Structure formats: structure tokens, C-alpha cells
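Good morning, and thank you for coming. I would like to walk you through one structure, moving from its loops to its helices and then to its charged pairs.

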Amino acid sequence: MRKMLPLFILCLMTVFLAPPVLADRPNRKVINQQKETERELKNLENKMTRIAEKLKDIHPYYSAKLLEAMEMMQKDLLENDIREIIVFLESGLKGQALDKNNELVADLTKLLAFLEDKVDPKNVEEKIKKLEHLMSQLKKLQSEEEKILNDTGKFNRERFSDLDRLNREMEYLLQAQKELSRMLEESDALDFRRQVNEARQKIAQLKQDQAKLKKETGQVNKGDLKKISDLLNKVNSLIDQQAAALKKTEQIPQVEQGIKKALKDLDRLINQQKLLKAASAQAQADPKSAFPEELAGEQNKVADQVKRLKDNLKQLPGDFSDLTKPTGDLSQAEKKANQAGMNLEDELYKFAGQAQSEALKELENARSVLQKKADQLAQEKKSALEKLAAEQKQLARQASELSRNMKDFSGGSQAEQAATQKAARETGQSSHEMDRAGQSLAKQNPETARGDQKKALASLEKARSALAKAQAKLAQPQKGALNKLQSDQTELTDRARDLADQLKHLARSVPSQASGEAGQRRQMKKNLDGASEQTKQAGRSMNQARSNLGRSNSARAQNQQSDALESLKKAEAQLKKLDQNLAQQDKEKILEQLSKWQKELQKKAEAMNKKLQESARTAPKNMKSGLNAAGQNTRNAAGQMSQSSQNMKQSAQAGRQGKPQAGQQKKQQAQGNQQKAMEQLKQAKKELEKLKNRMLEEEEKRRLERLARRQKETEKKTQKLAKETEKSGEKLPAKSLKRASRKMNSASQSMGQGQSKQAQEQEEEALDELQRAYEQLAQKLEQMSAQQANKMIEQLINMLTEVLDKQQKINRETVRLETVKQKSGSLSREGQMNLKKLAQSQGDLARQSAEINRKLLEENSVVFTHVLKSIANDMELVQELLGDHKRTDDYTQGAQLDIVQRVKELLDALKKEKKRKKKSKAGGGGGGGGGRRMPLLPEVAELKMLKFMQGNLKRKAESFSRSTVDQELKEFDPIQKIILRRLSDKQGKLADLTQAFVEKLEKKSKKMRPGMKKE
């Protein structure tokens, strides 16, 4: 796809870059050519638009690149420039036309560089340095703002901490006294027990009346009417069981299809999320070509689709498969997808990519679990259908037996007998349909079974209708009695409902002092709630009985009356437990307990008074009176609490002495004391609230003024940095800095008005904006430094490739000269001259390698620098061997081969790193440097090179050892000594290099800090 861009560039060059041929008079041909050029430019813009649209999905990067190129064309007013050239030509102003043509050529050259992704290394380096400068300034601002925030927080703690603590303690006292007062008002637990007993008696009476009504219903339901009613009840039961069987049959394929559809939807969502993740990575690499609003919109659509998928799964029946885990994964995926959408809106592509990766992981987890569920269902489907088949066949046998019972009915008139026989036929038909459904289920064919099950239900409904008609005719003589029963049942239903509401109200009003522990109170409430629910259930059963009595179905009504009696029995048992608990309570004991609690609260109030007095002694002058007033109010409250405690104790004593009136009087006095204590505590709290809004003292004003001035200075610096950032082209960080500046200005104004707490909040918001700006700059720095590193690696590969080619030529010439020397015994004059030139070439190559090494030194690549330095040294050695010693032997050739090998190693490492960076960019990886420059070569690449060098050195040492193993104690020859010395030197240098590499890592780890986040 990259080939398409140069094609457009060539079109542009051929159309625009040819200079116009000018003459003294207007040249009509040239003017027509310029007009044709204008039309071609318009056509080219249209073509670029269409191609950009086609590339949008398959190659979003190139699509965005074309659209941005069009913006550059419009921004640089290329069409206007062409029109001006035409005007100048028509007016004979050839000088102006040439000047405008040169401007047009410059603009098109810039456009050409943009489309070809040409990057000026100097411009990139300047941009990186500018970003590093901005981030350095931003760090300083952040540090200054953190200090201001810390000082403001310290000021607020000194000013408000004691008051806040005293306010919290005063609020606790006030609330505790309110609760104690409420408990005293409800202290007559015996009255509560009386209400419970009244409810219990009502339930007993209701149960008795319902039992009587059931007996009367049984007297009506006899003879042929009872037989028909019993048959009808059995049909109703059979219908319920058949409906349940149908539901189970429908659920299996429903769940199966639902999970299958969910898997298909998940595959689509996973692919969409992968594409969006790749698009975010592309946007991070090239923000100018990104479309954040469109990306965010697509990401939000994915989040909405995940939510719909999750909701659809939740609606699937849970009888056959638990879908809690996948729906939980989808909830997390939805959350992360929404988070990614917000990050994309803010153009924080790095963080959007992280959220997208997490969303993708959750989607894949959900898919994995769902696939296991699908496989599990496929395995369990057979056994589930076999179980359903057995149940269905059992229902068929029940239907067949019921059909025979209906045929045996011989009572009533001819019409009732005909209705019963019809019901028998329909029930028998349903039996056949149930049996067929069971066979289909056994054959693993739920779709066919479902049709037969529906037919069976329809037949049973016909049987029920026929029996209901027969029952109505048989009940006609008893209609009056049934109406009376229905009316009585209605009255009992209303009583049950009223009683359930009364019990619910009692549950909400269980007095706190009715038990010594909160656990006992909860148990009492539980008993009342249980009794209320059982009474409500009895009412529902009674209402069903009332309906069936209206339909003359006295047998079914009797069953529901039995259900109501059972529920009332359970409600009565709950109230019995509650009464046993209340029986252990004693009103006088409760009053004594409340008296003790009041005494404890009095002690806390007295302790509070002491704290207020101590605070008043050390407080500023403008706080003393308020603290003293709050202390006086608290002291008065403690006195009222003491009186209340005594009165409650005396009320309990009067009750034990059989003086209820005196006890009630003391209780009322205690309540009056408590009310006065609460008023005093409220007044004390009011005084403390006033102190929080007190006027600042002079020293406090001066401190706040100093903080305000510091904040104002930091605000100015932030404004300056915002302008500098905006001027450098970083609009998003500039916006964040402007927002931070506004927050700082608000904080400064708040300090001037004495609102230090509000200022603290605004300072925290300003810090958040500074952090956001830093992250945005860090993201841009990583992109630029990665771009720079890629260009540098490409340059180094080209330079080393050239070095390798030259060294291989020198090696081949060395071998040739050695061959000539071996044949002739010596070199000719021409050979001597060639050898001299060869030594010079080797020296030139050593200097070229040193230049490459200088570039690596700038990048602080310790290991690679060492390798290149050793290569240059070996080249100088080879130069000396060739030039001074005239040696072209195996030793010289071995040194040359060693040079070639190490150059190849370097090239291989650089090519692998280039490939890794390209793959990382394509996969949305990379980044994560916390705003630091991307290293040319990562530490892991240097570590691999170290490992390779050590392994290579080890192999050479082993080879030398094997070649000298037979010499035993003989002295090494000169060449062997040189080889041994070189191996030793290399091992020593490798050890030093490893130490330097470790020190570099340690130094880097100490400097590293995650972003610029607040501690």
C-alpha cells in the first residue's frame, strides 16, 4: 500500500513542479496549461478523497495520511497560488509569476516529504529536546504546586482539625442522646407484648374460623359433585405438570441457541475490538492522522453491544446452565470498553490501548467460558432429554389412568355423564400425545416433542372445560350454600390481609430497649416479618379458595383452605417464639438499663466539656469565647443527663413498689431532662459551627496571603508554559495547562477570601490537570523518540552494511595476495603497492567504524559501543599487520574474519531490533516508557549481545585449548602467545563491560519514576 503514496506524489510533481515558460508578452499556451493544472488539482483532490474513503477500513493509516495531505493543500492555498500565477501571466507580470511558482514548488516539496514520511533528523531531535524541556518545566511546576498544596493542607489541618474532631464528637453525643430519648419513649415493652398477643389471638381466631369454613365446604362437596370435583382437581394437576414439562423441553434448545448466537456475537465483537486496538496504536504512533471522535464513537458502540449481549445471556433460563461467570466477564469488558472510549475522546491513545487490551482479554475469557458451556450442554443434552422423556411417559400413564377413572363415572344426569365421557376421551387423547412426546424426546428430537406436548395441553384444557361444566350443573342445587361459603371466605381473606399489615407495622416498631442486645431485637423483627409473610400467604390461599367457590369447585377450594390453615399455623408459631422472648423482658429492668446508658453518656459529655476547656486555653483570641460557650452548653447538658438518669432509676423503683402513677411521673421528668440536654448539645454544636467560619487572625491572614502569592506566581509560570506548549504545536497539553492555570487562579482568589478548604480542592484539581498535561507530553515524546530510534537504526544498518562490504573486499584481496606470495615466494613491486593500498583501505575503514561508534556513544549503548570499538581496534591491528609487517598470513586473515563476524553480529542485532519495533508498532505495542526517550537499542538486546560475546569467546578458548593439548609443558610459539594474550585481554574487557552494563542499569533504575504521579 506504500507504493500508492509515491504514485500520488509523482502525479503532483508532473502536474505542478514544471516551471512555466514565460515570455515578455502573455503566453496563451502557458496560461492554458496553468488553467489545466488548476483543473487537475481539483480532480486530484477528489480522487484522494475517494481513495481515502476506500482505505478507511483496510488501511486507516494511509487513509488518514491522504486526508491530512488534502488539508495541507487547502491550508497552503495551492489553488489560490495557481490562480494568482494565471493572473500574473495574463497581466504580463512574469517576475511575480515566477516568485509565486517558486512558493508553489516549496509547498509541494513539503507535501511530498509528508506523503513519503520523510523526517529531518535535526527537526526530530529539536522536537524531542523541546518536549523534554516542556516536561522538565512541567515537573518543576508540579513540584511547586505539590508544595503549595501540602502547605495549604497543613494550614487547614492546623486551623480545622481540632474543630472537625470536636464537631464529630459533639454530633455523636447529640445523636446518642436522641436515640436514648426515643428508647425511653418506647420503654413500655409490656405494651408491645400486649399488641403482639392481640395479633396472636386474632390469628388463632382466624385459624378457627377457617377450619370451620373448610368443614362446611366439605359438607357441600359430596356425592357425585365430589367425584367430579376430584377428577377436575386431578386434571388441573396434570395440566400444571404438563406445562412444566413443556417449559423444560423449550428451555434446552433456547439455551443452546442463545449460547450459539452469543458465541457468534462474541467473535464479531472480539474482531471489532482488535481492529479498534490496532487503530488506537496507529493513532498513538501518528496522532495527527487520527480521528479521535470517530474512534471513540466506534469504541462506545462496542461497549453498547457488549451490554446487549450480557443482557441477552441473563435472560436465558438458568435451569440448564449457569451463566454467571461469562456475564461477569462481559460486565468487566463493558466497563473497560467504556473507559477506552473516554480515553479516546481525550486523545489518550496509550491508555485507551491498555483499556482495550483489558476489554479484549475479558471478551476472550467470556468466549472461552461460553464455549465450555456449549460443549457441556452438547454432552448433557442427551441425558437431559432422556430424563424428560421418562417424566413425559410417566405423565402419559397418569393421564391414561385418569381417563379410565372418568369413564367409570356413572352418576348425575345424562348430560353430566356425556361431559365426563368427553373429558375421558380428551384425557385419553392427551395420554397418546404425551407418549409420542416422550418417544420424540427419547430420540433426541425436542422440536417434535414440543408440538405433541402443546397438543396434550390443549386436550387437557378441553377435558377441564367439560368437567367444569358438569361440575357447575351438579352444584346448581348447592348454589346458595356455595355463595354463602364464598361470602364467608371473602370476609376471612380481608381479615388475613389486615392482620398481615398489622404484623408488618409491629415489625417496623420493635422497641430498641425490648431486648438487651441488638441480636435479640433482630430476631424479634425476623419473627414478626415471618408471621406477617405467612399470614399474607394464608390470605392468598383464601382468595384462591374464594374464586373456586364462585366457580363451584368446592374440592379445589378445600385444598386451598388447607393451605391457608397451614400458613396460619406457621404464623402462630412465629408469634409464640416472639412472646417467649418478650416474656423474659421486664419494664423495670429496661428502665434501669436505660438509666445506666444515660449515666455513661453523661460521662462522655463531661469529658467533652474538658476537651473544650483545654482547647479554649490554647486557642486564638477570636476562638476562646466560642469554645467556652460550647463547653458551658455541654456542661449543662451533662447536668440534665444526670437528672434524667436519676429519674429513670426512680421510675423503675416506683414500678416495683406498685406505684405506677409515681413511676410514670418520674419517667416524664426524665424525658423532659433529655429534651433539655439535647437543646444544650444543639447549642454547643452551633457554637462550634460558628467557629469554623470565624474571621482569620492576622498571622493566619499573612500565611494565606503568602500562599496566595506563591499560587499566583505558579499560575503565571503555568500560563507561560501553556503558551510555549501551544506554540510548539502541542494543543492538548496546552489545554490542560490552561485549565490548571484557571484552577490555580481560583485557588489564589479563594485564599484571598479566607476560603482555604476550597482553595485546597482547587489546587488538587490543578495538579490533576498538570498530571494530564504531563502524560500527554510523555506520550508524544515516546512517539517522537521511537521515530528517531527507527531512523537511527536504519542509518546504522546502512553504514555497517557498507563497512561489511568493504571489509569483505579487503579480506578477499588479502587472501589473493597471500596466495600469490605462497606461489612466488614473495610479492612483486605491483603486489607491494597493492598491499600498501590495502593497508590504507583498512585504516580508512577503521576510522569509518570509529565514526559509527561515536553515534552509538551518544545513545549510551554500552555493549554495542564496546563491540564497535573492538572492531575498530582490530582494524587498526590489521592495518599494522598489512602495512608495517607486510603480513597476509593466516593470523592476519583470522583477525579479518573475526572483524567480519562481529560486524555481522551487530548487523543481525540491529535488523532484529528493527523487525521487533516494526512488529511492536503493528500490534499496538511499545510505549510504556513513562515519558522518557526511547533507547536506540533496549537493554535486552545488549544483554543478548553480551551473552553471544561470552559464548563466542568461550568457543575460541576451547578451540585454542584443543589445538595446544598435545604440547604438554612445551612453551607456546609467538603466534600462540599473541592469541592467548588477546583471549585474556578480551575476557578482561568483557568482564569490565559486564560491570559497566550492570552499573548503567542500576543508575537507570534509581532515576526511573512512574510518570509524574503524586505521592
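Let me start with Lys 886, which is partly exposed, as its relative accessible area is 39%; here buried means under 20% relative accessible area, exposed means over 50%, and partly exposed lies in between, with a 1.4 Å probe and protein chains only. Lys 886 is found in the loop between helix H24 (862-883) and H25. Helices in this talk are DSSP runs of H or I with at least four residues, numbered from the N terminus. The phi angle of Lys 886 is near 55°, a positive value in a residue other than glycine.

A word on the source: this is a predicted model, in which local features need pLDDT of at least 70 and side-chain atom pairs count only at pLDDT 80 or more, while totals for chains, interfaces and linings use all residues. Residues are numbered from 1 along each chain as its sequence is written, and side-chain values use heavy atoms, with hydrogens and water left out.

Another loop residue deserves attention. Gln 444 is not a glycine, although its phi is positive, at about 65°. Gln 444 sits in the loop between H12 and H13, and with 28% relative accessibility it counts as partly exposed.

Two packed helices are described by the angle between their axes and the distance between the axes. The axes are lines fitted to C-alpha atoms, for helices over the stretch in contact, and the angles run from 0 to 180 degrees between N-to-C directions.

How are H12 and H13 oriented to each other? Helix H12, residues 414-442, packs against helix H13, residues 446-474, at an angle of about 165°, and their axes are 8 Å apart. The two are therefore roughly antiparallel, a term for angles over 145 degrees. Their crossing is left-handed, that is, the near helix is turned anticlockwise from the far one by less than a right angle. The residues of this contact comprise 15 nonpolar, eight polar and nine charged. In this scheme Ala, Val, Leu, Ile, Met, Phe, Trp, Tyr, Cys and Pro count as nonpolar, Asp, Glu, Lys and Arg as charged, and the others, Gly among them, as polar.

Now consider H8 and H22. Helix H8, residues 223-285, packs with H22 at about 85°, the axes being 9 Å apart. These helices are therefore roughly perpendicular, the term for 65 to 115 degrees. On the H8 side, Ala 283, Gln 284 and Ala 285 meet Gln 779, Glu 782 and Gln 783 of H22, where contact means heavy atoms within 4.5 Å. By class, this contact has two nonpolar, three polar and one charged residues.

Next, two residues inside helices. Is Gln 210 buried or exposed? Gln 210 lies in helix H7, residues 189-220, and at 0% relative accessibility it counts as buried. Leaving aside residues up to four places away in sequence, Gln 210 touches Gln 489, Leu 492, Met 542, Gln 561, Ala 564 and Leu 565. Ser 736, in helix H21, is likewise buried, with a relative accessible area of 0%. With the same exclusion of residues up to four places away, Ser 736 touches Glu 769, Arg 772, Ala 773 and Gln 776.

How many salt bridges does the structure hold? There are 37, a salt bridge being a side-chain nitrogen of Lys or Arg within 4 Å of a carboxyl oxygen of Asp or Glu. In one of them, Arg 739 pairs with Glu 769, the closest N and O atoms being 3.1 Å apart. Arg 739 lies in helix H21 (residues 731-752) and Glu 769 in helix H22 (residues 756-824), so the pair ties together parts that are 30 residues apart in sequence. Arg 739 is partly exposed, with a relative accessible area of 30%, whereas Glu 769 is buried, at 15%.

Glu 794 forms a salt bridge with Lys 914, the closest N and O atoms being 2.6 Å apart. Since Glu 794 lies in H22 and Lys 914 in helix H25 (residues 890-922), this pair ties together parts that are 120 residues apart in sequence. Both are partly exposed: Glu 794 at 29% and Lys 914 at 38%.

Key:
Parallel < 35°, antiparallel > 145°, perpendicular 65-115°, else oblique.
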